[in-house]
Amino acid sequence: MNPVDTEPGTAATEKVPFWLDAKKRAVLFQAATLCGVGLLGYYLVSNVLTNLERQSIATGWSFLGKEASFEIGESMIPYSAASSYARALAVGALNTLLVAFVGNLITIILGTIIGIARLSSNWLVSKIAAVYIEVMQDIPVLLQLFFWYAIFYETLPSPRQALNPVNGVFLCNRGVMFTVPEAHLAHAYMGAALVLACVAVWAVRRWARKRQDRTGRPFPTFRVSLAMILGFPFLAWWLGGAPTAMDVPELQGFNFKGGLTMSPEFFAVVMGLVLYTAAFVAEVVRAGIQSVSKGQTEAAMSIGLRPTMVLNLVILPQAMRVIIPPLTSQMLNLTKNSSLAVAIGYPDFVSVANTTINQTGQAIEGVALIMTVYLVFSLSTSAFMNWYNKRAALVER
Amino acid sequence: MKILKLCLVLAASVLFIATGAAMAGETLDAVKARGFLKAGVNGDVYGFSMPDEKGVWKGLDVDTARAVAAAVFGDPSKVEFTALTAVQRLPALQSKEIDVLCRNTTQTLTRETTNGLNFCQVNYYDGQGFLVRKKLGVKSAKDLDGAAVCVLPGTTTEMNAADFFRANKLSWKPVVIEQASELNKAFFAGRCDALTSDASQLAAHRSVAPNPDDYVLLPEIISKEPLAPVVRHGDDQWYDIVNWVTMSLIEAEELGITSRNVDKMLESDNPKIKRLLGVTEGMGKALGLKDDCFYNVIKMVGNYGEVFERNVGPDTKLGLQRGLNALWTEGGLMYASPFR
């Protein structure tokens, strides 16, 4: 019955029946479970396929190449109703990515500031931070999205009476319009120069650290880095002909044309997610800093380190170990919560996929796509943070 | 939350689709065994399907579902209504959460084929229009270049609007919100320049707006929207029942039978009336129902004209004219096939 059973046992050891051998039994159970799950999966998939076919509901992925014939409000890549479903879904995925990236970035900065403020010795600052954290954590994020969206379109005027707080910036219930530099080849050079600057900064820092280890002489890394990051793009701009033409938003007909528009939907999604998640991040940061014992600060001061060095060399490296894992889960939360954007009309991936499902009737493929995309986003965020965590982890000697 | 909902729909579809092979008669048996009909409706459109202040469902689509319940049970109250968004409605029907979808749904080729659905007799002929603020000074939909337009996702409306702006080489920005109430709030607060939907729905939304008189419907009707009750593929008997019950409303109006005179009509000599009301046996039984099923429908719900007047007609808040929805004998499109 079982190959294990027929194995020739050596005469010296007493033969143990396989069902009494814990190791073999474990393997057997695992194999049985795997078979069970596999069979169940097969049963479900084959049933779904036959039944879909019998109801003559379309299956497969061929719909991806068909014309989407619906319009999407905002898109980072060229898109029109004549584009394919695949492109529409790509637009949605990019929109989700944009919200997740911008949202996480602002959340980390804001959360850190509030977390530190929570520990401030100033009574007022610390209490304001505490109230913020308590209030924001306790209001469901969907409500916050509705709130910010409503604030935007209920309080701001129509485009014809748009507010103009600063030259070149317009505020109305259609969004915030910014003046941006007109498209020019020099901007591409500037981007490349920035990348180059980042690489150079990385190299300089590496070299400076090595030199300090060797000779003990510090190098003004920060100032040099800043100069390169600002200087390289400026140089590229100057060499590229120093274009100064600006793309100013102008009222034409109903709406503003030109410039860069930040839609109320995008604003509300980012605002809601950031303010909500930052409260959690603040608590994470506070806990991290408090986890480093006071003696560490005192010891560092006593060997003559300056306060900034105490923070950078002693406190933060230790606090980071505590901060990073829960911070990762907050970042994942924000990314996943961005799917709530569909409720206020931001064309994120879920919104576009929903429409696709509805127009094509292929719910199973659509939902599978949604799950895959969020899984990929989450796994890559988590992989990055794990890598960072490993770097920040205490190196034991 | 959205994802969770979708996953539930997926799980439900997998489970339901996996377990049940639809047979003719299966839906009717299930409905009878359950004791009530499950109907999917909109829930946000005054005059078509919306609960009134007492929580009682009212509307043209609601009455269509009630007519089916009256035919099956002899009791129009035996319906459980589920409010569905445009995106949820088709999966809800496909996964057997509901027996019939009476939710101002447009009949299209794709929906009948790749979505695996059957559309019954049309209960409202509609067309897509645009609602704008009067003070915008727009006279035609072709002036809407560059406009922000509020539109429901997952509707034929969304695609018609895309077609219209493309065909006229106009630019536009869709603002797409799934919940109709949220979408309307955004429009009335000024987020969009125009709201586009079926003309009847626009009238309905305007009727519940803060200042209905500030808004005007543009003259263009950019599409054909035959709205009809929908059932799943695979159960022909159930399709026949919903189809012919809907037609019986129209046939009754054509024959002059109303909820008030239906008892007197039982004595009529007109063979058409006799067949419809079950005095001459055979029609109801052929559908797998009782012969008095259409009598019950007319007695308890009324004929199409009554349903129309009660919910959306000139005396209601909507004040819609019969137009395309008049009987064919009066220049409209409402035409029931012979009950014989």
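Q: Which strands of chain B does helix α8 of chain B lie across, and at about what angle does the helix run to β11(B)?
A: In this predicted model, local features need pLDDT of at least 70, side-chain atom pairs count only at pLDDT 80 or more, and totals for chains, interfaces and linings use all residues. Residues are numbered from 1 along each chain as its sequence is written, with chains lettered from A and ligands numbered from 1 in the order in which they are written. Helices (H or I, at least four residues) and strands (E, at least two) are DSSP runs numbered from the N terminus, contact means C-beta atoms, placed from the backbone, within 7 Å, and angles run from 0 to 180 degrees between N-to-C directions of axes fitted to C-alpha atoms, for helices over the stretch in contact. Helix α8 (residues 199-207) of chain B lies across β8, β11 and β12 of chain B, and its angle to β11(B) is about 125°.

Q: In what sense do β8 and β11 of chain B pair, and over how many bridges?
A: Strands count as paired if DSSP finds at least two bridges between them. B:L131 stands opposite B:L195 in β11(B). Strands β8 (residues 128-133) and β11 (residues 194-198) of chain B are antiparallel, over five bridges.

Q: Which are the edge strands of the open sheet in chain B?
A: The five strands follow the order β10-β9-β11-β8-β12 (chain B), with mixed pairing. An edge strand pairs on one side only, which here applies to β10 (172-176) and β12 (215-217) of chain B.

Q: Which element supplies the largest share of the side of chain A that touches chain B?
A: In total, 45 residues of chain A are in contact with 46 residues of chain B. The largest share of this side of chain A is seven residues, from α11(A).

Conventions. Two residues are in contact if their C-beta atoms, placed from the backbone, lie within 7 Å.
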